[in-house]
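Subject: A structure for you to look at

Hi there,

Here is the structure I promised to pass on. Have a look at it first, and then read my notes below.

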Amino acid sequence: MIPKYRIRCVGGNEIVEDISLLSCSHGHDSLVRTEYCCRKLHLTSHTGIYRYLAWLPVIAPLLPSGGPVTFTSNELSRELGLTHLSISFSGYFPEREAHLTTGSFKELEASPTMQRLQELGGKIPVIASAGNTGRAFAELSARCKRPVVIVIPKKAVPRLWTTEPAQAIFLVAVKGDYSDAITVGNTLAAVPGCVPEGGAKNVARRDGMGTVMLDAAVTTGRIPDHYFQAVGSGTGAIAAWEAAMRLLDDGSYGNRLPCLHLAQNEPFTPMVSAWAARRREIIPEVDMPDAMNCIGKVMSDVLTNRNPPYSIQGGLFDALQATQGHMYGVPNAAGTDAEKLIRDTVGIDPDPAAAIATAALVEAVEKDIIGPDDHILLNLTGGGYERIREDFTLHTVSPSAIMRPDEPREALAEQLTEWIRHHG
Ligand SMILES: *Cc1c(COP(=O)(O)O)cnc(C)c1O
């Protein structure tokens with residue numbers, strides 16, 4: 001049988017034989033990427049993201065599944081004076097057929113990741129998250145009753161709800177910040193039966209998010225000229241670039257990559273700063289001085305990743321360079337105005353990050369960085385939380401363990417081993 005895809009190391013260009021690896025075995029500082037044998041994008045009859053199963057690194061769909069939706073808003077187009085503005089919405093907005101019940105595009109990553117791990121032997125993913133990612137994996141676990149390990153800062157526990165009672169979540173609440181959660185997560189990922197989820201290095205995650213670009217191209221019939229998104233890690237933007245490259249190769253959607261227009265939230269804008277200098281390295285003292293203080297001031301905390309896959313081969317710097325990209329630093333005030341604009345025109349409550357992306361589009365229009373007749377895709381990466389609360393009963397997840405970051409973790413690892421015996 002011809003395999004559906006191969007994995008290639010972007011930096012070394014070699015095929016990676018073990019498709020379960022998150023990086024190549026030659027030590028290249030590089031992402032690995034899927035290469036689908038099917039160069040034409042064939043649509044399936046499945047719903048949500050599995051309509052694009054042909055270009056997802058899984059064999060079977062994990063259903064039911066929501067997906068990104070692409071539509072136009074005459075009100076927003078008119079307000080901005082744009083003739084070809086498309087919106088991609090990843091969240092909950094039933095009137096628009098948007099059914100991601102965790103409210104963000106993290107669900108596009110979680111679903112193929114869970115499915116792929118199952119297909120590759122059933123290891124349990126360990127996810128360290130401060131918010132939307134943890135919730136997406138929690139929801140998927142509740143829905144398909146597969147085990148996950150989630151490590152979050154204790155203060156984020158109230159944000160970790162699901163729309164069905166969860167039965168197979170080992171939740172660890174750490175009395176510390178996101179970085180402390182990552183440290184504890186690393187310990188737990190080494191427990192036999194578990195694997196680190198992998199973040200940007202995980203091809204299932206990127207190809208899941210790539211469906212935003214696929215859905216837009218299929219809906220509008222072409223690759224957009226410009227793509228707008230707010231970035232924290234940049235994984236979603238890398239995914240959009242990779243999906244656009246596949247569409248180029250398909251040949252039916254145009255012959256030019258979209259220009260990436262990516263936004264961060266002032267005052268925390270490390271990638272804006274590094275890209276302004278056209279520098280591949282992020283220098284903490286230069287690009288994110290006083291990081292903790294700045295992180296405390298933004299309206300969208302999902303955009304505050306301190307260790308993004310920017311420098312790595314195949315990462316965000318390469319994506320910006322390949323597409324002649326722009327980066328925007330958006331202050332909270334502009335974000336708040338954009339949030340109101342989306343509510344008034346599109347008719348949904350956007351995630352703060354989606355408001356930041358919209359503010360970048362407003363700036364690009366005002367500064368003539370884009371033309372009024374250009375084909376534009378605005379990625380509203382989350383929203384509809386108010387409707388989710390109306391339409392669903394939300395279940396919070398109780399922690400299996402609460403710990404300090406400096407506590408020894410042997411007992412916790414043993415507790416997890418025991419838990420796996422019952423849930424694995
Ligand atoms: C995580 C997130 C982002 C940023 O995505 P990255 O892939 O980390 O750049 C944007 N919007 C929402 C709603 C998110 O949850």
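At what angle do α2 and helix α5 pack, and how far apart are their axes? The angle is about 135°, and the axes of α2 and helix α5 (residues 203–220) are 7 Å apart. Axes here are lines fitted to C-alpha atoms, for helices over the stretch in contact, and angles run from 0 to 180 degrees between N-to-C directions. Helices (H or I, at least four residues) and strands (E, at least two) are DSSP runs, numbered from the N terminus.

Before going on, please note that this is a predicted model: local features need pLDDT of at least 70, side-chain atom pairs count only at pLDDT 80 or more, and totals for chains, interfaces and linings use all residues. Residues are numbered from 1 along each chain as its sequence is written, and side-chain values use heavy atoms, with hydrogens and water left out.

Back to the helices. α2 and α5 are therefore oblique to each other (angles under 35 degrees count as roughly parallel, over 145 as roughly antiparallel, 65 to 115 as roughly perpendicular and the rest as oblique). On the α2 side, the contact (heavy atoms within 4.5 Å) is made by residues including Lys106, Pro112 and Arg116, while Val203, Arg205 and Met209 are among those of α5.

Helix α2 (residues 106–119) also packs with helix α3 (residues 132–144), at an angle of about 45° and with their axes 8 Å apart. This pair, α2 and α3, is therefore oblique too. Lys106, Ala110 and Met114 are among the α2 residues in this contact, and Asn132, Phe137 and Leu140 are among those of α3.

A polar side-chain atom of Asn132 lies 2.8 Å from a ligand oxygen atom, and an N or O atom in the side chain of Thr381 is 2.6 Å from a ligand nitrogen atom. These are polar contacts, pairs of N or O atoms within 3.5 Å.

Lastly, some backbone details. The peptide bond from Leu63 to Pro64 is cis, with omega near -5°, and Pro64 sits in the loop between β2 (32–36) and β3 (69–71). Another cis peptide bond joins Glu266 and Pro267, with omega about 10°.

Happy exploring!

Definitions and conventions. A polar contact is a pair of N or O atoms within 3.5 Å; within protein, one must be able to donate a hydrogen and the other to accept it, and residues adjacent in sequence count only if both atoms are side-chain atoms.
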